[in-house]
Amino acid sequence: RAEGRVISFLGDGRADYCDLLVPREDRGVQSAALHTLIAETRWDVIELNGVPSHSGTIQDVVETSRGVGCRSIVERQYLCPTLLIAGHEEDARRISNKPALRRTINRFKRDGCLTYRHLNTTAEIQSHLEDFFAQHVSRWAHANCRSLFLAESNRCFYRHLTANLGNTGWLLFSIVQFNGQPIAFHYGFDYDDAILWYKPSFSVAYAPRSPGLAMVRELIGYAIQNGRRELDFTVGDEAFKRRFTNHCRTTTHVRIYRDAFRYSLALVSRWMARATRRFPSLHRLTRRGDSGGRR
């Protein structure tokens, strides 16, 4: 890469959140891990994408890198809407009872039986994975987009994830059924006292009735009923998330540079990117590569 030898998270580009996996109550473990990593000589840039803005990792990384003479750049990255529940129970219930959600449920109930299932064991989830993949492919084909489950490698990843985490209690696979048929799936997580939104799908045959909203309402209700502190909708500022959340965090992008030259280049590159956003004519000029405006 142009940046030289880069160290990044294993899940970089695939995971909504990335962080160091150390005991929260033992900051000494994280500090020691960072010191060991930065003391390693076979890197030019350490690039940490997707770190939750409230993670202690950010401050530890900056302080540790500064202590050994390295330089760092810290930037906000993506918006992450969430529905806070603990201490906000009345607000969460108000959101779950919004007219749009109630209308969706009532439309289904007028014409049949609407039921929900929440699964968290390997055997239970595995029995529905292929239907989930197929529904996701169909849903995105209807939108003229490619589903990630068209790739066998991605289907294989979800199968392995289910096999390895299915009996920890950390997975939450939810199904909305109408007259016994699955009209929406959600592959998510129930971890650290929070429900995490991850991969939804819905049946395009029922799209006009908004089965996805039925799933959203059910997950809000599940989180409230089971005393979870929040329903975290993770990365992405989609419009539907803004309608059903009451707080917004961000992820953070941290870069550590071993030498001053690469650090200076990064600062110049960042300044140029900001300048071209503020002054579109500068962007057009730099892309043309001339100053005369020839056509």
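A polar contact is taken here as a pair of N or O atoms within 3.5 Å, where within protein one atom must be able to donate a hydrogen and the other to accept it, and where residues adjacent in sequence count only if both atoms are side-chain atoms. The structure is a predicted model, in which local features need pLDDT of at least 70 and side-chain atom pairs count only at pLDDT 80 or more, while totals for chains, interfaces and linings use all residues. Residues are numbered from 1 along each chain as its sequence is written, and side-chain values use heavy atoms, with hydrogens and water left out.

By the polar-contact criterion, the side chain of Glu47 contacts the side chain of His253 at 3.1 Å and the side chain of Arg255 at 2.9 Å. Glu47 is placed in strand β2 (residues 45–52), strands (E, at least two residues) and helices (H or I, at least four) being DSSP runs numbered from the N terminus. The relative accessible area of Glu47 is 8%, so this residue is buried (under 20% relative accessible area, with a 1.4 Å probe and protein chains only). Eight of the eight residues of β2 are buried, and the strand is therefore largely enclosed by the rest of the structure.

Strand pairing, which requires that DSSP finds at least two bridges between two strands, involves β2 with two partners named here. Strand β1 (residues 6–8) pairs with β2 in the parallel sense over three bridges, and Ile7 stands opposite Ile46 in β2. Strand β9 (residues 247–257) pairs with β2 in the antiparallel sense over six bridges, with Arg255 in β9 standing opposite Glu47.

Over the whole structure, 23 aromatic pairs are found, a pair being defined by ring centres of Phe, Tyr or Trp (its six-membered ring) within 6.5 Å, with planes under 30 degrees apart counted as stacked, over 60 as edge-to-face and the rest as tilted. One of these is the edge-to-face pair of Phe132 and Phe185, at 6.0 Å centre to centre and 75 degrees between the planes; this pair links distant parts of the chain, with Phe132 in helix α5 (residues 122–142) and Phe185 in strand β6 (residues 181–191), 53 residues apart. Both Phe132 and Phe185 are buried. Phe132 also forms a stacked pair with Tyr187, at 6.2 Å centre to centre and 20 degrees between the planes, and these two residues are 55 residues apart in the chain. Tyr187, like Phe132, is buried.

How values were computed. Buried means under 20% relative accessible area, exposed over 50%, partly exposed in between (1.4 Å probe, protein chains only).
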